[in-house]
Amino acid sequence: MQGKFLYETHMHTSQGSACAHSTGEEMARAYHERGYTGIIVTDHFFNGNSAVPKDLPWTERVERFLKGYEQAKTTGEAIGLQVFFGWEYADRGPEFLTYGLGKDFLLAHPDMLSWPIEGYFRAVKEAGGFLVQAHPYRRAPYIREVRTYEKLVDGFEVQNIGNSDVAFDLEALRTARENGLYETAGSDEHDHRRFRGGGMAFHRRLADIQDFILAVQDRDWEYVLPFGEKHPY
Ligand SMILES: [Zn+2]
Ligand SMILES: [Zn+2]
């Protein structure tokens, strides 16, 4: 990957996600060691596998939700890794990577968990966010049904290294192409000791999360790993 800038677009920290095994600091160090320029921390939101207790005031929940990202960011500043913020929003199975919005959006909407998913999409779009359906065709015990939203989201995650079958990725790629959607690739990493790699390689260093969205819209990127391949770390 000479002359390329590697970015992780989908990963979790143990501060934010109940299913993650590594802290924001551990994840940031692991990506830096493997030559990544930046990462986007996308912990499971409260309607997913969140590590944040439900019985706290909304502001406190949001503060806790950001802990993994904030720790990764502090670590990143010390070691030279860019760390951007996003989240993975769930709707009883389907999950949506949400980019380009910050803590202020979450704090402003303490009622968001009661919205129908279409209402969530609308609010995110109105606020200037970018929606990518994560691993749209993944079949797994925790996913009750496959529901895809190619008419309502901006993009599909067409490669997810956490998918157990490459056929899920290829199905996502086909639907994305048929519908003219933007495409992203990510690892969905939950454990720095099990690092499998993945993500997107851009031809330039990205300035911030808005610049990431622009680069995705430019469609000028390459896969970090070929389909079906995992780093043997
Ligand atoms: Zn998870
Ligand atoms: Zn995920």
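Colleague: How many bridges join S6 to S7, and do the strands run parallel or antiparallel?

Modeller: Keep in mind that this is a predicted model. Five bridges join S6 to S7, and the two strands run parallel. One pair to look at is Glu 157, which stands opposite Thr 184 in S7.

Colleague: Which helix makes a β-α-β unit with S6 and S7?

Modeller: Helix H6, residues 166-179. Together, S6, H6 and S7 make a right-handed β-α-β unit.

Colleague: In what sense do S5 and S6 pair, and over how many bridges?

Modeller: S5 and S6 pair in the parallel sense, over two bridges. Find Val 132; its bridge partner in S6 is Gly 155.

Colleague: How many residues of S6 are buried?

Modeller: A residue counts as buried when 20 or more other C-beta atoms lie within 10 Å of its own. In strand S6, residues 155-160, six of the six residues are buried, so the strand is largely enclosed by the rest of the structure.

Colleague: Now a helix. Which residues of H5 are buried, and which are exposed?

Modeller: H5 covers residues 117-126, and Tyr 120, Phe 121 and Val 124 are buried there. These three cover an arc of only 100° around the axis, which puts them on the same side of H5. On the other side, Glu 118, Gly 119 and Glu 126 are exposed.

Colleague: What do the buried residues of H5 pack against?

Modeller: Three strands: S3, S4 and S5 (130-134). Past the helix, look at Gly 128: H5 is followed by this residue, and its phi is positive, near 95°.

Colleague: How should I read a positive phi?

Modeller: Start with the general rule. Most residues other than glycine have a negative phi. Then look for residues that depart from it.

Colleague: What is the phi of Arg 92, and what is the phi of Asp 188?

Modeller: Arg 92 has a phi near 50°, positive in a residue other than glycine. Asp 188 has a phi near 60°, again a positive value in a residue other than glycine.

Colleague: On to the core. Which residues touch the most other members of the largest nonpolar core?

Modeller: The general idea comes first. In soluble globular proteins, nonpolar side chains tend to be buried together. Here the largest nonpolar core has 53 residues, and Tyr 7, Ile 39, Val 41, Val 83, Val 132 and Phe 212 touch the most other members. S3 gives the largest share of this core, six residues.

Colleague: What is Val 41 in contact with, beyond its neighbours within four places in sequence?

Modeller: Its contacts include Met 11, Gly 68, Tyr 69, Val 83 and Phe 85.

Colleague: Where is Met 11, and is it buried or exposed?

Modeller: Met 11 is in strand S1. It counts as buried, because it has 31 C-beta neighbours inside 10 Å. Leaving aside neighbours within four places, Met 11 is in contact with residues including Met 27, Ile 39, Ser 187 and Glu 189. Met 11 and Gly 24 are 13 residues apart along the chain, and their C-alpha atoms are separated by 9.8 Å.

Colleague: What about Ser 14: where is it, and is it buried or exposed?

Modeller: Ser 14 lies in the loop between strand S1 (5-11) and helix H1 (24-33). With 21 C-beta neighbours inside 10 Å, Ser 14 counts as buried. Beyond residues up to four places away in sequence, Ser 14 touches Ala 20, His 21, Ser 22, Thr 23, Ala 51 and Gly 68.

Colleague: Last, the whole chain. How many helices and strands are there, and what is the radius of gyration?

Modeller: The protein chain has seven helices and nine strands. Its radius of gyration is 16 Å; a compact globule of 233 residues would have one near 17 Å, which agrees. Buried residues make up 45% of the 233 residues. Among contacts between residues at least 6 apart in sequence, 74% join residues at least 24 apart.

How values were computed
Residues numbered from 1 in each chain as written. Chains lettered and ligands numbered in written order. Predicted model: local features only at pLDDT ≥ 70, side-chain atom pairs only at ≥ 80, totals over all residues. Buried ≥ 20, exposed ≤ 12 C-beta atoms within 10 Å, placed from the backbone. Helix = DSSP H or I, 4+ residues; strand = E, 2+ residues; numbered from the N terminus. Arc of directions from axis to C-beta. Contact = placed C-beta atoms within 7 Å. Pairing = 2+ DSSP bridges. Right-handed = clockwise from strand over helix to strand, strands pointing away. Core = buried A, V, L, I, M, F, W, Y, C linked by C-beta atoms within 7 Å. Rg over C-alpha atoms; globule rule 2.2 N^0.38 Å.
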